[in-house]
Amino acid sequence: ERFGENLSVDTEKVAIMAREYFGLTAEVSAEVTTEKIKQELVAGNLIILPLTGREIGNPNFTGAGPLYHMLVVKGYDRDQFITNDPGTRLGKDYKYEYQTLLDATHDWNGGDIYNGERVMLVVGK
């Protein structure tokens with residue numbers, strides 16, 4: 001109701017939804033690095049990344065995959081981020097190389113995703 005009918009929205013609108021509808025803390029950050037993501041995860045936060053979906057190489061996507069995509073980063077191991085990726089039925093605990101996600105991070109930018117800003121959404125309770 002607040003934003004109209006949209007299939008794709010920018011990260012700031014997702015932050016507003018997280019705060020107003022779910023009562024969560026949500027802050028958009030332009031500091032998108034492996035170290036910063038790890039720091040936020042250790043602090044108990046989750047990360048939502050807006051991505052150029054066709055660049056992340058998930059073999060479980062249908063066809064080339066979504067042009068624009070968001071997923072939740074919930075953990076990490078030595079070389080990879082652990083995610084919940086809603087783009088596929090096999091997305092629970094799906095792992096992506098750190099650099100793969102960082103390189104593909106771009107906000108909606110009115111549909112000009114490849115020129116979208118590199119941001120992440122930090123979500124806490």
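Student: Before we start, which ground rules apply to the numbering and the values?
Tutor: Residues are numbered from 1 along each chain as its sequence is written, and side-chain values use heavy atoms, with hydrogens and water left out. In this predicted model, local features need pLDDT of at least 70 and side-chain atom pairs count only at pLDDT 80 or more, while totals for chains, interfaces and linings use all residues.

Student: In what order do the 6 strands form the open sheet?
Tutor: Helices (H or I, at least four residues) and strands (E, at least two) are DSSP runs numbered from the N terminus, and two strands pair if DSSP finds at least two bridges between them. The pairing here is antiparallel. Strand E1 (25-29) and strand E5 (92-97) are the edge strands, each pairing on one side only. Read across, the order is E1-E6-E2-E3-E4-E5.

Student: Which residue in E4 stands opposite Tyr-76?
Tutor: Strand E3 (residues 68-76) and strand E4 (residues 80-84) pair in the antiparallel sense over 4 bridges. Opposite Tyr-76 stands Phe-81.

Student: At about what angle does helix H1 run to E1?
Tutor: Helix H1 (residues 11-20) lies across E1, strand E2 (46-52), E3 and strand E6 (120-124). Axes are lines fitted to C-alpha atoms, for helices over the stretch in contact (heavy atoms within 4.5 Å). Angles run from 0 to 180 degrees between N-to-C directions, and for H1 and E1 the value is about 165°.

Student: Which residue caps the N-terminal end of H1?
Tutor: Look for a side-chain oxygen 3.2 Å from the backbone nitrogen of Glu-12. The residue that supplies this oxygen is Asp-10.

Student: What covers the buried residues of H2?
Tutor: Buried means under 20% relative accessible area, exposed over 50%, and partly exposed in between (1.4 Å probe, protein chains only). In H2, the buried residues are Thr-34, Lys-36, Ile-37, Glu-40 and Leu-41. Their cover includes E2, E3, E4, helix H3 (98-104) and E6.

Student: Why is the pair of Tyr-94 and Tyr-96 tilted?
Tutor: Rings of Phe, Tyr and Trp (its six-membered ring) pair if their centres lie within 6.5 Å; planes under 30 degrees apart count as stacked, over 60 as edge-to-face and the rest as tilted. The two rings have their centres 4.8 Å apart. The pair is tilted because the planes stand at 55°.

Student: Is Pro-66 buried or partly exposed?
Tutor: Pro-66 is found in the loop between E2 and E3. Leaving aside neighbours within four places in sequence, Pro-66 is in contact with Gly-53, Arg-54 and Phe-61. Its relative accessibility is 26%, so Pro-66 counts as partly exposed.

Note on methods: Polar contact = N/O pair within 3.5 Å; in protein donor to acceptor, adjacent residues only side chain to side chain.
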